[in-house]
Amino acid sequence: MSVHLETAGSAERLAALRSYEILDTPRETEFDELVELAAEICDAPISVVNLIDDHRQWFKAEVGLGIRETPLDVSICKHVLLQPGMTIISDLRDDPRMCANPLVTSESGLRFYAGCLLETPEGQGIGTLCILDRRPRRLSRLQQSALKTLAKQVMAQLELRRSLRQKTKLLEQKEMLLKEINHRTKNNLQLIVGLIQLQLRRTKNQEAQTALMDTSRRIMSIAAVHEKLYQSNEVGAVDAKAYLSQVIAGIQATASSDAQFDLRLESVVLPMDVAIPLALLVNELLTNAVKYAYEPAVQGRITISLKAETGRLVLTVTDEGRGMPANFDYRKSRSLGMKIIASLCRQIDGELSFFDNRPGARCVLGFSPTAEHR
């Protein structure tokens with residue numbers, strides 16, 4: 001069965017061909033080795049991976065030609081795009097479709113053709129793996145079987161590349177969506193903080209003001225994580241040093257005391273489901289230190305360190321202030337802040353301890369850098 005030119009140039013077939021994004025790509029070893037093997041097995045001087053475009057035939061790989069494309073009107077392969085499997089023409093001069101082809105009519109022209117259709121899973125013929133010779137001949141059954149197998153390998157390579165590109169594009173789209181979500185989440189959280197600040201200015205009750213300020217700081221801590229997630233090249237993960245510095249700067253800016261923060265943070269990349277609880281923990285621990293360690297007019301120091309130790313991370317918050325109450329156990333505390341701290345510790349598989357430094361207090365949190373234990 002012969003194929004008409006309008007069929008070779010049909011929109012569906014060309015769309016299938018171009019979906020592989022293979023045309024005009026550089027030579028690749030994987031395809032070169034397949035045509036070299038086809039030529040050797042079939043004892044042929046010419047072997048090509050031939051793709052039929054709308055106005056040309058283009059060779060992804062070739063042996064014995066030395067060119068990458070020819071005009072479509074001299075293509076032999078265009079005539080077999082509707083013939084599944086293998087097409088063998090022992091003498092091209094005897095085929096009415098080929099006998100007038102300038103590649104055949106010259107004295108030293110092509111005589112033999114054997115081509116296997118490169119067919120997409122949807123049934124569209126996009127080209128062939130073929131061998132050519134300048135003498136009439138035949139192929140043995142073994143040679144025919146080998147050529148069919150090699151053609152399947154060509155299509156397997158094309159399908160693999162298309163699949164990888166599609167997955168890459170989906171991943172890129174997902175990353176863009178996640179960045180946009182983090183950006184919008186950060187903006188929405190900042191809007192909520194703005195509404196809380198409005199309410200704060202209208203509230204005269206000191207207890208209510210303190211509660212609103214604490215809530216505002218917690219939301220700002222989460223917003224800082226989402227800001228870094230939006231800026232990060234690694235979607236879903238942030239540098240703990242960068243975002244904790246931003247969280248701490250926000251706490252210091254709104255602190256009622258004159259405490260000075262000393263940051264000793266290592267650069268550690270954390271996933272979002274660890275980064276957000278950690279940011280909230282830092283907020284609670286520093287807020288407590290600011291509130292209770294020093295008198296409002298005292299310029300005390302609060303040291304915050306984060307470092308990696310044997311598969312876990314250790315966060316330490318130290319002050320030089322009043323110290324810990326006698327027999328203090330944060331797990332038994334009735335304060336909202338300590339209940340939040342206990343809950344957040346469980347989320348990151350954390351082990352939290354408080355120590356009385358005399359003077360001052362030290363809080364040590366050891367936790368998992370991943371979410372796998374929760």
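I take buried as under 20% relative accessible area, exposed as over 50% and partly exposed as in between, with a 1.4 Å probe and protein chains only. Helices (H or I, at least four residues) and strands (E, at least two) are DSSP runs, numbered from the N terminus.

The model is predicted, so local features need pLDDT of at least 70 and side-chain atom pairs count only at pLDDT 80 or more, while totals for chains, interfaces and linings use all residues. Residues are numbered from 1 along each chain as its sequence is written, and side-chain values use heavy atoms, with hydrogens and water left out.

I noted that seven of the seven residues of β1 (residues 46–52) are buried, so the strand is largely enclosed by the rest of the structure.

Next I looked up the neighbours of β1; two strands pair if DSSP finds at least two bridges between them. With β6 (residues 125–133), β1 pairs in the antiparallel sense over six bridges, and Val49 stands opposite Leu129 there. With β2 (residues 56–63), the pairing is antiparallel over six bridges, and Val48 has Glu62 as its bridge partner. A hairpin of three residues joins β1 to β2.

Then I turned to α9, where Gly337, Met338, Ile341, Ala342, Leu344 and Cys345 are buried. Seen down the axis of α9, the buried residues fall within an arc of 165°, so they line one face of the helix; the arc is that of the directions from the helix axis to the C-beta atoms. On the face turned away from the buried side I found the exposed Leu336 and Arg346.
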